Protein chains: 2
Amino acid sequence: MVIGIDMMGGDYAPQQPLLGVDLFLAEATPGIKLLLIGDETIMRRHFVSVPAAVSFLHTTEVVDMQESPTKALRDKPNSSMNKGLQLLAEGKIDAFISAGNTGAMMVGVFYTIRAIEGVQRPTISTVIPKVEGGYGLILDVGMQADCKPENLLQNAILGSIYAQNILEIENPAVGLINIGEEEGKGNLLAQAAYPLLRESKLINFIGNIEGREILTGKADVMVCDGFTGNVILKLGESIFDISKSRNLDEDDYFKRFNFETYGGTPILGIDKPVIVGHGISTSKAFVNMIHLATKMIETKLLEKMKEKFVSEETE
Amino acid sequence: MVIGIDMMGGDYAPQQPLLGVDLFLAEATPGIKLLLIGDETIMRRHFVSVPAAVSFLHTTEVVDMQESPTKALRDKPNSSMNKGLQLLAEGKIDAFISAGNTGAMMVGVFYTIRAIEGVQRPTISTVIPKVEGGYGLILDVGMQADCKPENLLQNAILGSIYAQNILEIENPAVGLINIGEEEGKGNLLAQAAYPLLRESKLINFIGNIEGREILTGKADVMVCDGFTGNVILKLGESIFDISKSRNLDEDDYFKRFNFETYGGTPILGIDKPVIVGHGISTSKAFVNMIHLATKMIETKLLEKMKEKFVSEETE
């Protein structure tokens, strides 16, 4: 298996991606090869001798963190991000990781990587620590700012398969993020999504999840529109930052908000593994993103998603 | 000035409302009278001798915390909640406070208290502690689950007047809660609301506020749809609960998330002061709700809101 990494993406690239690769290589990881995509001169200089598991792809352009996504893709065909996505589309790498410009990654994925057949729109998620231990999953967190009830159902299915295979939760409970407990509560989207979720045989739907229950672990997979989800994600991150600045991040719970422990978030609903990292990713986040990519491949996550959507179509 | 209090509303009624009244009466509060609405026998038993500032209105029915709002209003005309709203509508009390069934309060207000002329829909807000001190205001937090761009503008105006008078912020900065920094980002609602907010001369609009900036104090007044706002509100409350359970609530910042320090939230956009308390309100929350009602009357908050909307109409 070959994991491709955008070594030029992120606020601390290429230094932190390189240090992340070092951390990964220090572990015993037989059979996993890394393709480092970026400025080969800089990358080679980092290694005293190039490890056997590592190879390089030299690229000459870099997508800037603040650049317009469509402009970046059009004007920088030889960027590390573009090249990585192309290699993935062509099957020359098995997964692609980038902590670069998130908007450009999303647009790039849209143009190069196909959606799973039956999936209307790709989605991104975030894991969120449960108070009693373990992690839950919230999706969508930004790709579907406006969405339809069917998107919420599809995200629930994708999220359930992810939770089973990656978070290792056997029969993940699915909740609809909402502003009341009973069916019929909420905005028009939530009201329309509830019966779809309730009727689906592909998920274990347990009902509405209010804001106060997001962190309690009542549900393992929580679905909402990407606007609400993005606000939750970033508010959660800021709570970790605040607890850190107040020296509370050694608390067993609050320290688990540190996004670096889970690295990055995969784009789900597409037919190849793509992981998007936080712009401020450090070596720890990179090594965890490589682990996540490995696990997505080893558990045959995407094959399972494809099967589920095929079976849904024929039901 | 007479403040009416629903003594039967809330999970710990009438005990905690009565203790809250005690706390209030222990302060020097000349000119403020309290009308206690509820079971007179129980209330009288609480006082060794009835204080001069206190009078009673006996009611025989109680709206239950989980009762259907419309059913409660139809079937229990003599409830403490209904009677309080009626007295307020008739001008016999100057403000009304209830920690009872929130849904019933909202429906009851809708039928008994008029909107300020020019205001399309009433709104509820929450104050949220800023990291560097002071409080910001988020609205709407649940009455406007689906809303129009114009609602966000009106809420920004109402919130600004509230922040000036009650939070004592001179020229409150207004932010649009959104999922990106620049104009044009966000869902359809946020995209449409941005130019309305930017063009309004009645507010000091500073642009978009991402989830990570909600607690930083970048904006004093933050507007969003009531779905997103309700999730933020309840997530914020759960963070306080979690920090409390982990003995972190003595931290100077996290302890300010305790809703009891600000008591309850007014319904804004209506032409009388109505304060809705949390179901789990204790005496501390009740005394702070009485203070809030007093301040709303003393600062002539509603007169100022009415003037602003009249002037907006004629602009």
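This is a predicted model: local features need pLDDT of at least 70, side-chain atom pairs count only at pLDDT 80 or more; totals for chains, interfaces and linings use all residues.
Between domain 1 of chain A and domain 2 of chain A, four residue pairs are in polar contact, both residues of each being at pLDDT 80 or more; a polar contact is a pair of N or O atoms within 3.5 Å where, within protein, one must be able to donate a hydrogen and the other to accept it, and residues adjacent in sequence count only if both atoms are side-chain atoms. On the domain 1 side of this contact in chain A, helix α9 (residues 283–298) gives the most, with five residues; helices here (H or I, at least four residues) and strands (E, at least two) are DSSP runs numbered from the N terminus. The residues on that side divide into six nonpolar, five polar and four charged. In this grouping, Ala, Val, Leu, Ile, Met, Phe, Trp, Tyr, Cys and Pro count as nonpolar, Asp, Glu, Lys and Arg as charged, and the others, Gly among them, as polar.

Residues are numbered from 1 along each chain as its sequence is written, chains are lettered from A and ligands numbered from 1 in the order in which they are written, and side-chain values use heavy atoms, with hydrogens and water left out.

The two domains of chain A are domain 1 (1–118 + 269–300 + 310–315) and domain 2 (120–259), with bounds taken from an automatic or database domain assignment. Their C-alpha centres lie 25 Å apart. The contact, meaning heavy atoms within 4.5 Å, takes 15 residues from domain 1 of chain A and 16 residues from domain 2 of chain A. Together the two domains of chain A bury about 1,400 Å², 65% of it on carbon and sulfur atoms; buried area is the accessible area (1.4 Å probe) that two parts lose on being put together, summed over both.

Side chains of opposite charge can pair when their charged atoms come close. A salt bridge is counted when a side-chain nitrogen of Lys or Arg is within 4 Å of a carboxyl oxygen of Asp or Glu. One salt bridge is counted between domain 1 and domain 2 of chain A. Glu168(A) forms a salt bridge with Lys295(A), with the closest N and O atoms 2.6 Å apart. Over all chains, the search finds 30 salt bridges. Another pair is Asp271(A) with Arg114(A), at 3.7 Å from N to O. This pair links distant parts of the chain, 157 residues apart: Asp271(A) sits in the loop between β10 (264–268) and β11 (274–277) of chain A, and Arg114(A) in the loop between α5 (102–112) and β5 (123–129) of chain A.

Attention now turns to the two chains. Chain A superposes on chain B (RMSD 0.1 Å) through a rotation of 180° with 0.0 Å of shift along its axis, the superposition being by least squares on the C-alpha atoms of residues with pLDDT of at least 70 in both copies. That is the relation of a two-fold axis. In chain A, the C-alpha nearest the axis belongs to Thr228(A), 2.7 Å from it.

The chains contact each other through 36 residues from chain A and 36 residues from chain B. Because 100% of the interface residues of chain A are also interface residues in chain B, the copies meet through the same surface. About 3,400 Å² is buried between chain A and chain B, 71% of it on carbon and sulfur atoms. Two salt bridges are counted between the chains, and Glu210(A) forms a salt bridge with Lys234(B), the closest N and O atoms being 2.3 Å apart. On the side of chain A that touches chain B, α8(A) gives the most, with 13 residues.
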